Amino acid sequence: MQENDTKTGFFQRLKEGLSKTRAALIGNIDQLFAGKKVIDHALLEEMEEILIMADVGPTFALELIEKVREKASRNELVNPAALKEILKDHIREILASCSSPLAIPRNGIFTILVVGVNGGGKTTTIGKIAYNLKDQGLSPVLVAADTFRAAAIEQLEVWSSRAGVHLVKQQAQADPSAVVFDALKSAAAIKADVMLIDTAGRLHTKINLMEEIKKVKRIMARELPGAPHEVLLVLDATSGQNAVAQAKMFQEEVGVTGLVLTKLDSTSKGGVIIRIARELQIPIRYIGVGEGLDDLKNFDSEDFVNALFKSDELVTIRSKANILDGFVKRS
């Protein structure tokens, strides 16, 4: 019962958190349909523009419009609400293919290397994941491998205290690879289940800093076969299309295996999750909709789509559309 209450509570926060994205995407489409008697080429062009402006990406927008044209030609659309259902179904299909919560086996230390650009929320995300994992009965260890900033180590100390988990750290300016090397020994000694490694925030264009991550990966693989088991990229949803560029570069350079999308409650650009899923097809592990320990949860595509469309509160559009009169006559 408590688990269901927690899930319901997060779903409500997710609906609230997606309000800006919903206004940019669903709200604008509702306005486009309002009062329309026909769905014609002009309306579809406007719809495509709304989709692109909502950061879902040109590939998704084009695919959706083609689906609409195909169904219109087969007389399968009877009103704007039906067209909106096509949008919902297409988003659901794309996100479902990338909805993959992190599965952590309990047969040794599972290592998670967390990467991302400055200000993306890496350290905060690590603390929240550690809290969630501990709540699941696992024993996480945090590793302060962002040694360039003393403040980063201090921030991770605060989060390790809030989550109630062990922290491995060294002094500022220490070699990150050396910190990780020591952390592997420490985690084994205390029989930890999961090791979450914080790395220095870096611009995705800084190749020399990417080389440092590669060095850390080599050290981990040498000391623990198969490590790192997960390379988790944290993306800030407020960065919109920049998040796509970041994901592509990190994927090419260090082999990202999972994504976290943070700050969905602070932006109208949350539609970028659709573009990332469609174009990169990297598993989406977590999404964040707030600053609290409970505001980061496993990504569930069905919950996300229902929250985005507020499925229990869908607006009924009274105006009907004659698809054949409006679309086929102009084709």
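1. Leu113 stands opposite Val231 in S5. Strands here are DSSP runs of E with at least two residues, helices are runs of H or I with at least four, and both are numbered from the N terminus. S1 and S5 pair in the parallel sense over 4 bridges, where pairing requires that DSSP finds at least two bridges between the strands.

2. This is a predicted model, in which local features need pLDDT of at least 70 and side-chain atom pairs count only at pLDDT 80 or more, while totals for chains, interfaces and linings use all residues. Residues are numbered from 1 along each chain as its sequence is written, and side-chain values use heavy atoms, with hydrogens and water left out.

3. S1 also runs parallel to S4, to which 5 bridges join it; Phe110 has Val194 as its bridge partner in S4. Because 6 of the 6 residues of S1 are buried, the strand is largely enclosed by the rest of the structure. Buried means under 20% relative accessible area, exposed over 50%, and partly exposed in between, with a 1.4 Å probe and protein chains only. Phe110, Ile112 and Val114 cover one face of S1, and Thr111, Leu113 and Val115 the other.

4. The open sheet comprises 8 strands in the order S3-S2-S4-S1-S5-S6-S7-S8, with mixed pairing. Its edge strands, S3 (166-168) and S8 (296-298), each pair on one side only. The twist averages 25° from one strand to the next; axes are lines fitted to C-alpha atoms, for helices over the stretch in contact, and angles run from 0 to 180 degrees between N-to-C directions.

5. Helix H10 packs on the sheet, touching S1 (110-115) and S5 (230-236), and its direction makes about 160° with that of S5. Contact means heavy atoms within 4.5 Å.

6. H10 (residues 241-254) has 14 residues and reaches 20 Å from its first C-alpha to its last, close to the 20 Å expected at 1.5 Å a residue, the expected span being 1.5 Å times one less than the number of residues. Its buried residues are Ala243, Val244, Gln246, Ala247, Phe250 and Val254. These cover an arc of only 165° around the axis and therefore lie on the same side of H10; the arc is that of the directions from the helix axis to the C-beta atoms. Gly255, with a positive phi near 70°, follows H10.

7. Ser160 is found in helix H7 (residues 150-163) and counts as buried at 8% relative accessibility. Leaving aside neighbours within four places in sequence, Ser160 is in contact with Leu142, Val165 and Leu167.
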